[in-house]
Amino acid sequence: MAVKMHLSFFIFATIGCMLLVSVSSTATHVVGDKLGWNLPSYSGFYADWAKKRAFAVGDALLFQYHPGLNTVVQVNKDDYEHCTTRNTLHTYFRGNSTVTLGRAGDYFFFSSVGKHCEAGQKLQVTVPQGSKSSH
């Protein structure tokens, strides 16, 4: 009886640890780090920021910005490349917006304020198949 109880406890503890690891393996990426989601000093700033990170399914992007000064629009690739909003998937405008990367694939974002997109306030993130978080 004592052996069964110890074995049951061991199995329960193992399952609990596996669940804890799967829950805590996601990361929150603060877009732009200290700059946040603002007009960058050069057009490749956000591309350079993304290159330094590994993104995984379940990770989150935190766009830090002041409402009224910036927006975050999630668009398709064509709209991203041309800074247009013909096929907007989501619009965030209330400040400090979090977007969860819920699937593998490409994600495209930019600011729809003025000419911010044309000036480089745009971000492409790729989540590879079978990826693991960099956290």
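Student: How much of the protein chain counts as buried?
Tutor: Of its 135 residues, 35% count as buried. Buried means under 20% relative accessible area, exposed means over 50%, and partly exposed is in between (1.4 Å probe, protein chains only).

Student: What kind of model is this, and how are residues numbered?
Tutor: This is a predicted model, where local features need pLDDT of at least 70, side-chain atom pairs count only at pLDDT 80 or more, and totals for chains, interfaces and linings use all residues. Residues are numbered from 1 along each chain as its sequence is written, and side-chain values use heavy atoms, with hydrogens and water left out.

Student: Ok. How many helices and strands are there?
Tutor: Three helices and seven strands. Along the sequence the pattern reads α-β-α-β-β-α-β-β-β-β. Helices (H or I, at least four residues) and strands (E, at least two) are DSSP runs, numbered from the N terminus.

Student: Which strand does β6 pair with over six bridges?
Tutor: That is β7, residues 122-127, in the antiparallel sense. In that pairing, F108 stands opposite Q124 of β7. Strand β3 (residues 72-75) also runs antiparallel to β6 (residues 105-110), joined by three bridges. There, Q74 has F109 as its bridge partner. Two strands pair if DSSP finds at least two bridges between them.

Student: And how do side chains sit in a regular strand?
Tutor: They alternate between the two faces of the sheet.

Student: New topic. How many disulfides does a search of the whole structure find?
Tutor: One. C83 and C117 form it, with their sulfur atoms 2.0 Å apart. A disulfide is a pair of cysteine sulfur atoms within 2.5 Å.

Student: What parts does the pair tie together?
Tutor: C83 lies in the loop between α3 (77-82) and β4 (90-92), and C117 in the loop between β6 and β7, so the pair ties together parts 34 residues apart in sequence.

Student: Is the link of C83 and C117 left-handed or right-handed?
Tutor: Left-handed, with -75 degrees about the S-S bond.

Student: Are C83 and C117 buried or exposed?
Tutor: Both C83 and C117 are buried.

Student: Now the core. Which residues have the most contacts inside the largest one?
Tutor: L61, F63 and L123, in a nonpolar core of 18 residues. Such a core is a set of buried Ala, Val, Leu, Ile, Met, Phe, Trp, Tyr and Cys residues joined through side-chain atoms within 4.5 Å.

Student: Which element gives the most to this core?
Tutor: α2, with four residues.

Student: What does L61 touch?
Tutor: Its contacts include H29, W49, F109 and L123, leaving out residues up to four places away in sequence. Contact means heavy atoms within 4.5 Å.

Student: Where is N70?
Tutor: In the loop between β2 and β3. N70 is buried, with a relative accessible area of 3%.

Student: Which side chain does the side chain of N70 make a polar contact with?
Tutor: That of S111, at 3.1 Å. A polar contact is a pair of N or O atoms within 3.5 Å; within protein, one must be able to donate a hydrogen and the other to accept it, and residues adjacent in sequence count only if both atoms are side-chain atoms.
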